[in-house]
Amino acid sequence: MAESTTRRAAIVGGNRIPFARSGTAYAQASNQDMLTATLDGLVARFGLQGESVGEVVAGAVLKHARDFNLTREAVLGSKLAPTTPAYDVQQACGTGLEAAVLVANKIALGQIEAGIAGGVDTTSDAPLAVGDDLRRTLISLNSAKTVQDRLRALARIRPGMLAPEIPRNAEPRTGLAMGDHAAITAAEWGIGREEQDELAARSHQRMAAAYDRGFFDDLVTPFLGLARDNNLRPDSSVEKLAKLQPVFGTGEGATMTAGNSTPLTDGASAVLLASDEWARAKGLPVLAHLVDAQTAAVDYVHGGEGLLMAPVYAVPVLLARNGLTLQDFDFYEIHEAFASTVLATMKAWEDEAFCKGKLGLDAPLGAIDRARLNVNGSSLAAGHPFAATGGRIVASLAKMLHEAGPGKRGLISICAAGGQGVVAILES
Amino acid sequence: MADWYTTFANSGLGTTITKQLGLPRPAELRRHEPGQPLLPGPVVVGSAGAGRLRDTVTAVLRDAGVTVQSPVTADGATDGEKPAAVVLDATGLTGPGDLAGAHDFLAPAIKRLRASGRVLVLADPPAEATSPAQAAARQAVDGLVRSIGKELLDGSTANALFVPEGAEASLAGPLRFFLSGRSAYVDGQLLTVTAADVPENPDEVAPLAGKVAVVTGAARGIGAAIAQVLARDGAHVVAVDVPAAGDKLAEVANGIGGTALQLDITAADAPQRLVEHLRERHGGVDVVVHNAGITRDKLLVNMDATRWNTVMAVNLQAQLDITQALLDADGLLRDGARVVCVSSQSGIAGNRGQTNYAASKAGVIGMVRAWAPGFAARGATINAVAPGFIVTEMTATMPFGTREIGSRINSLQQGGLPVDVAETIAWLSQPAAAGVNGQTVRVCGQSMLGA
Amino acid sequence: MAGTSAGRTVLEQPPNMAALFAKAALTARGRGGELPATRLARTGVTVDPAELAGYARVCRFPLADTLPATYPHVLAFPLQLALMSDRAFPLALPGLVHVRNRIDVLRPIGTTEALDLEVRAERFARHRSGATVDLCASVRSAGAEVWRSRSTYLARGATAPEGAPESDVTVAVGDLDRAVATWRVPDDAGRRYAKVSGDVNPIHLSGLTAKAFGFKRAIAHGMWVKARVLAALENRLPDAFAVDAAFRKPLFLPSTVTLSTAPAEGGWDAAVRNARSGTEHLVATIRPH
């Protein structure tokens with residue numbers, strides 16, 4: 001992409017609803033409700049009522065079967081023109097950023113002039129499934145042609161089948177919760193409790209300050225009575241966080257608490273991308289351009305790599321393709337799935353043996369300036385509705401770059417379930 | 001849309017009951033509907049004094065497709081249909097004796113006025129009189145019009161326009177407004193027009209077509225109505241409100257094809273952010289409506305500094321700061337720009353428990369008066385609109401008694417609607433209102449408070 | 001209906017396993033002597049897709065066009081059972097413990113292939129706590145052997161004949177420090193596997209029936225554990241390989257266990273252990289052919 005003749009997609013702006021801890025403000029809201037409200041907020045911000053943008057791409061990690069066409073349904077319920085096409089994507093926590101990359105690529109290729117990328121997730125309205133046995137029995141009941149067949153199918157139902165299956169936040173192949181995986185990585189990289197708590201406290205403080213100075217005024221639209229992320233603790237401090245009991249890891253390695261891990265969260269986000277010409281014709285701003293993106297995956301199952309370490313592998317590829325070093329950025333947005341993930345990511349880039357042995361580099365990528373890291377807070381403060389995090393970060397970073405002036409560069413790094421990572425470069 | 005009492009009093013049973021009990025019988029007001037004619041019937045135009053505006057008035061009315069009738073004679077002889085409006089050209093009065101002509105014309109004409117009729121008196125400004133007798137005659141119009149307003153029944157209104165010599169061209173816009181349904185709740189008002197660059201053939205259907213309008217406090221109530229009416233009249237509306245009201249704001253913006261801008265107007269960088277937004281997204285702005293306002297009521301002796309300061313900051317200081325920033329931003333305020341500032345009846349009459357609010361709203365009146373000459377110099381105008389008792393979500397929460405008294409103590413015997421305020425603001429925003437500058441228009445149904 | 005020639009009996013139908021278990025229990029007493037030279041066989045056996053799907057679900061294999069490495073065992077098991085429940089078999093079936101299973105996959109087997117199965121018993125061997133016997137199965141397709149297995153069963157307290165060799169039940173694996181997966185094994189795991197495999201040995205079915213045979217709780221089928229290990233490595237296995245598993249301590253139901261894997265000699269070493277106590281239930285080596 002860096003050398004090609006294709007155009008770069010512009011990030012015009014974004015919108016999200018405040019993120020809410022699971023079972024709180026949005027307990028009654030569905031993915032479709034939240035995504036529709038988010039699209040409507042975006043429409044209002046940019047005057048897109050009745051407009052047909054090239055494409056709306058979004059997704060959710062936790063989805064009901066009825067949500068098979070979630071994004072299109074949300075579009076039909078929104079103020080966008082009903083003639084706006086849409087499709088769903090899902091790359092776990094990478095969904096939002098991947099959606100933005102997909103839209104940007106189509107814009108870059110000239111296939112569309114503008115598009116909206118988004119993501120939504122609810123853990124409050126998560127799909128409950130009936131057990132496998134009951135499901136199969138009900139399906140055979142439904143397809144039974146004679147009364148006798150039906151009775152036979154019904155007779156197979158046992159009381160034990162009636163217990164619903166609640167989706168678990170665990171990797172299917174390892175049976176471990178994401179936090180358990182992160183705890184293993186944290187122990188491997190010797191990430192201490194205190195540095196995790198410091199990172200978490202800083203995230204809260206920085207995001208609270210950003211809210212106070214109005215940074216989110218044109219990035220967030222209230223929903224269902226919530227005007228700010230309700231996970232945000234402006235008075236968070238290392239001292240307070242130090243009092244929490246570990247929830248992941250065992251023994252000495254048990255450093256991860258509810259305070260330095262993201263909680264289950266509900267929310268949605270959307271980003272408006274376009275060609276420069278489209279934005280200009282509409283009188284809309286160009287906050288930044290999406291320069292390039294890279295995904296990577298690691299073998300966390302049998303290969304011995306940490307579940308959330310894929311971005312560590314994706315970034316050097318992206319840097320090399322764009323002729324950049326890790327230090328060539330004004331802002332770094334490393335998704336705070338867990339404080340330990342951010343710290344392990346940076347430690348790996350600084351580690352000579354790892355960079356040479358695992359990443360195949362001649363020298364370590366080196367340290368990054370912590371003052372440029374997640375400067376307006378990140379997921380530990382806002383919360384992390386899986387698919388919505390990418391859109392939150394893209395819109396926020398684009399605005400930061402715009403405020404900093406032309407020629408500024410930002411790096412996004414998002415880890416995802418399944419041992420995947422999505423990273424991208426934005427430039428103002 | 002009308003309040004419950006108006007609906008009731010105009011129902012079959014309600015009519016009987018209110019009549020027998022001698023209760024007020026508020027009329028259903030004639031309000032503007034897009035596409036409807038300026039007036040539902042003919043206008044009677046008469047003069048007292050020399051009457052230099054008669055031809056102008058007749059031309060405007062004919063253009064609007066309104067039939068102009070000759071004056072009704074004292075014996076009640078007419079030339080047809082009952083008039084929907086009565087216009088008296090009282091320019092050229094030389095002394096009180098000339099006012100007899102006013103009486104001769106108005107008495108029989110008003111007697112035949114339809115419901116929701118209009119009485120409009122045109123006169124020379126008293127301040128420019130060259131003799132005490134002339135000044136007396138001109139000032140007499142004031143008392144005449146206010147009293148007519150109080151005598152009129154069935155939703156009719158009386159207003160006056162002072163038209164100095166040389167400002168004849170500015171008359172058309174205000175004339176149309178006061179005769180139309182847009183001025184339904186404007187009653188007992190006396191405005192002075194000035195000479196200004198007035199467009200030749202204003203767009204009556206979409207008078208704000210192609211204009212960019214900013215409305216603060218647009219998420220609900222009067223602000224939302226202003227945004228809706230400006231959009232109806234063709235403007236692209238940038239709806240502004242605090243971030244916490246962003247969801248309502250987005251609904252308003254989406255309902256009118258406008259854009260939502262979440263902004264706390266009291267923030268230090270708010271004027272700059274608004275300027276940047278307008279420059280980036282629209283290159284400039286044509287209409288600015290300072291509507292955002294808050295109340296923090298308390299008797300003065302019990303009022304803490306926070307209540308005082310926050311009300312002042314939102315209701316007055318923000319209007320000053322933003323207006324100044326717009327004036328300072330090179331080329332941002334487009335030629336013929338309109339700034340309309342929402343004041344309040346409390347700012348004119350005062351209100352118990354509202355020292356902070358009333359002070360801020362009175363301040364607005366002073367502000368527009370002071371800024372008017374500067375605005376005129378750049379072909380722009382700045383005016384204030386002072387709503388009286390307007391039925392909103394806010395008033396719905398008032399105690400029943402307070403609310404009912406508040407809504408009845410005016411000549412129209414009912415509360416106004418947000419749309420009434422919005423219509424007046426939309427009119428002041430039109431190019432055709434170029435001759436109205438530095439004025440405060442009350443939208444109060446001729447409230448007895450502060451009148 | 002069965003045809004017999006030179007000690008080889010070909011069964012037309014798969015034997016009824018519940019009946020075999022019952023028969024074996026009733027005739028458990030008074031057994032002894034040498035291993036019979038009997039070979040039991042079935043020819044032209046085809047896989048029932050629905051049964052295969054059920055098996056794949058329970059063991060977490062993907063349903064594919066080739067059979068899971070452990071599936072031919074399910075096809076051959078009824079023959080093994082028939083052999084062991086026969087009065088001529090020297091060891092009593094109740095109380096026999098599956099201690100080792102080696103499978104050689106010579107090539108992937110298509111789900112629609114007609115298979116010829118044959119089982120025999122061999123290697124009556126001495127073990128420090130009794131005697132072991134190997135049940136060997138061979139699967140041929142179009143005349144060529146495609147799969148074979150050796151299941152070693154231990155009879156505690158039994159005595160091998162004079163001059164019997166030493167039993168070999170050890171499978172050696174390297175260091176397996178890293179747990180790669182955690183499995184919650186529910187209390188109905190035995191019943192579920194019994195349903196799809198036909199192995200209705202009472203020690204797997206419920207606490208009550210297990211107690212009758214001296215176990216404190218029901219225990220998971222060793223072959224189910226082994227199948228799950230292979231399923232976890234499903235797409236990382238060569239086409240032809242040997243998987244050799246030793247079943248160590250019983251896996252009581254319900255339990256939470258961990259799977260540890262490590263690459264070794266072009267294949268894998270694996271262990272399944274109790275998540276809390278570390279008790280080792282299974283170790284296995286997987287080596288390419």
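Chain C and chain A bury about 1200 Å² between them, with 36% of it on carbon and sulfur atoms; buried area is the accessible area (1.4 Å probe) that two parts lose on being put together, summed over both. The model is predicted: local features need pLDDT of at least 70 and side-chain atom pairs count only at pLDDT 80 or more, while totals for chains, interfaces and linings use all residues. Residues are numbered from 1 along each chain as its sequence is written, chains are lettered from A and ligands numbered from 1 in the order in which they are written, and side-chain values use heavy atoms, with hydrogens and water left out.

The contact (heavy atoms within 4.5 Å) takes 14 residues from chain C and 14 residues from chain A. Two salt bridges are counted between these chains, a salt bridge being a side-chain nitrogen of Lys or Arg within 4 Å of a carboxyl oxygen of Asp or Glu. One of them joins Arg236(C) to Asp299(A), with the closest N and O atoms 2.4 Å apart. On the side of chain C that touches chain A, strand S8 (179-185) and strand S10 (255-264) of chain C each supply at least two residues. S8(C) gives the most, four residues. Strands (E, at least two residues) and helices (H or I, at least four) are DSSP runs, numbered from the N terminus.

Within chain C, an automatic or database domain assignment gives domain 1 (1-167) and domain 2 (170-289). Their centres, taken over C-alpha atoms, are 19 Å apart. Domain 1 of chain C brings 27 residues to the contact and domain 2 of chain C brings 29 residues. The area buried between the two domains is about 2500 Å², of which carbon and sulfur atoms give 64%. In domain 1 of chain C, the residues that lose the most area to domain 2 are Phe21(C), Val58(C) and Arg100(C), together 20% of what that side buries. Arg100(C) also forms a salt bridge with Asp244(C), the closest N and O atoms being 2.5 Å apart. The count between the domains is one salt bridge. Helix H1 (17-26), helix H2 (49-59), helix H3 (71-85) and strand S4 (96-105) of chain C each supply at least two residues of the domain 1 side, and the largest share, eight residues, comes from S4(C).

Chain B has 15 helices and 13 strands. Its radius of gyration, 22 Å, is close to the 22 Å that the globule rule gives for 451 residues, so chain B is as compact as a globular protein of that length. The radius is taken over C-alpha atoms, and the rule is 2.2 Å times the number of residues to the power 0.38.
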